[in-house]
Amino acid sequence: MLVLHKHTSQILVHILFWMLFILVSLFLFSDFYWHDNPFLQYLSILVIIVYANHFVLLPFFVKKRLYILYVFVFAAISFLATELYCNVFAECGCSIMKCLSDYLWQTLVPLIFFSFIWMLYRFLDEQAEVEQIKKEHTEMELKFLKSQINPHVLFNNLNTIYSYTLEKPNEAANLILMLSDNLKHVLYESNAETISLKKEIQFIDNYMKFQKLRTEGTKQIHYSKNIDSFQHKIAPLLLITIIENAFKHSTLNSDISISINIENNSLECICENDFDKEKVTETDFKIGLQNLEKRLKLIYKDKFIFKINKTETFKVYLKLILE
């Protein structure tokens with residue numbers, strides 16, 4: 001509905017501008033008959049120039065961030081279009097300076113106006129996306145907290161720590177520190193739009209250590225990582241959704257394989273686990289992963305690949321282009 005309103009408002013703005021612009025131009029060239037009016041003859045060319053700029057030139061140069069080059073192209077188009085109008089349609093035979101001073105406004109006004117309109121709506125769209133990202137981030141954070149920071153999970157983690165205080169007291173302190181770091185990461189550091197890759201990987205490492213301890217003797221966990229640089233930023237709590245899904249739906253005495261590879265600004269996360277087809281429904285898998293995919297689309301847009309393959313094993317593949 002909002003998209004429909006936006007398009008409707010854009011169309012109305014375009015129609016109203018052209019109506020006003022044509023009326024003003026016809027008033028200024030009122031001495032000409034309709035079929036001899038140079039402005040009306042030039043109007044079709046002007047419309048093509050304006051909308052070529054609106055739909056092709058502006059999106060291209062802004063996407064590439066070639067702003068200075070666009071200014072030169074804009075100036076060249078305005079100059080050439082004015083000379084075309086002056087010498088072909090108006091046939092005034094005047095000098096270049098005289099031509100520009102008398103007729104440049106006819107090309108420049110619609111070009112500037114519709115460029116401003118394009119940038120205005122683009123700004124509004126970006127603001128709407130930012131608000132949507134914040135909303136999705138909050139929802140994802142709450143869902144993650146519900147699945148991680150709850151009495152059941154904390155009870156399991158504390159049980160693990162308790163058993164270590166009895167059997168391996170020298171290692172219990174490290175487990176408490178890891179649990180503290182993970183709680184801090186989820187509650188505070190994950191509020192940012194992006195965080196240090198190093199902190200996110202450390203969070204995953206701590207999570208994996210706890211899972212290996214908790215599932216010792218019941219599951220075979222294969223965790224590998226190959227990272228060429230930690231000098232990157234990443235949206236928080238993306239990878240944990242995939243990894244947690246594998247532990248949640250894997251069967252006893254099964255294998256879980258998790259690999260994280262980062263090379264040349266590209267991150268690949270592959271997670272594969274066995275599952276019971278009779279006990280696990282399609283909905284069980286989709287809820288968390290669908291939310292993850294929505295968030296990826298909002299934050300990374302066309303800079304990610306996300307695939308799910310459910311055959312004998314459940315395999316999730318994620319590739320991101322990092323900042």
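Two strands count as paired when DSSP finds at least two bridges between them. In this predicted model, β2 and β4 run parallel and are joined by nine bridges. Within this pair, Tyr 223 stands opposite Ile 258 of β4. Both strands belong to an open sheet of five strands with mixed pairing, in the order β2-β4-β5-β7-β6. At its edges lie β2 and β6, each pairing on one side only, and the twist from one strand to the next averages 5°.

Helices join the picture next. Helix α7 packs on the sheet, where α7 touches β2, β4 and β5, and its direction makes about 165° with that of β2. Helix α8 also packs on the sheet, touching β2, β4, β5, β6 and β7, with a direction at about 10° to that of β5.

The largest nonpolar core has 40 residues, and those with the most contacts inside it include Ile 204, Met 208 and Leu 320. Among the elements that each supply at least two residues of this core are α7, α8, α9 and β2. Leu 320 touches, among others, Ile 234, Leu 267, Leu 296 and Phe 304. A second, separate core of 23 residues includes Phe 61, Val 62, Phe 74 and Ala 81.

Methods:
Residues are numbered from 1 along each chain as its sequence is written. This is a predicted model: local features need pLDDT of at least 70, side-chain atom pairs count only at pLDDT 80 or more; totals for chains, interfaces and linings use all residues. Side-chain values use heavy atoms; hydrogens and water are left out. A nonpolar core is a set of buried Ala, Val, Leu, Ile, Met, Phe, Trp, Tyr and Cys residues joined through side-chain atoms within 4.5 Å. Buried means under 20% relative accessible area, exposed over 50%, partly exposed in between (1.4 Å probe, protein chains only). Helices (H or I, at least four residues) and strands (E, at least two) are DSSP runs, numbered from the N terminus. Contact means heavy atoms within 4.5 Å. Axes are lines fitted to C-alpha atoms, for helices over the stretch in contact, and angles run from 0 to 180 degrees between N-to-C directions. Lists of a residue's contacts leave out its neighbours within four places in sequence.
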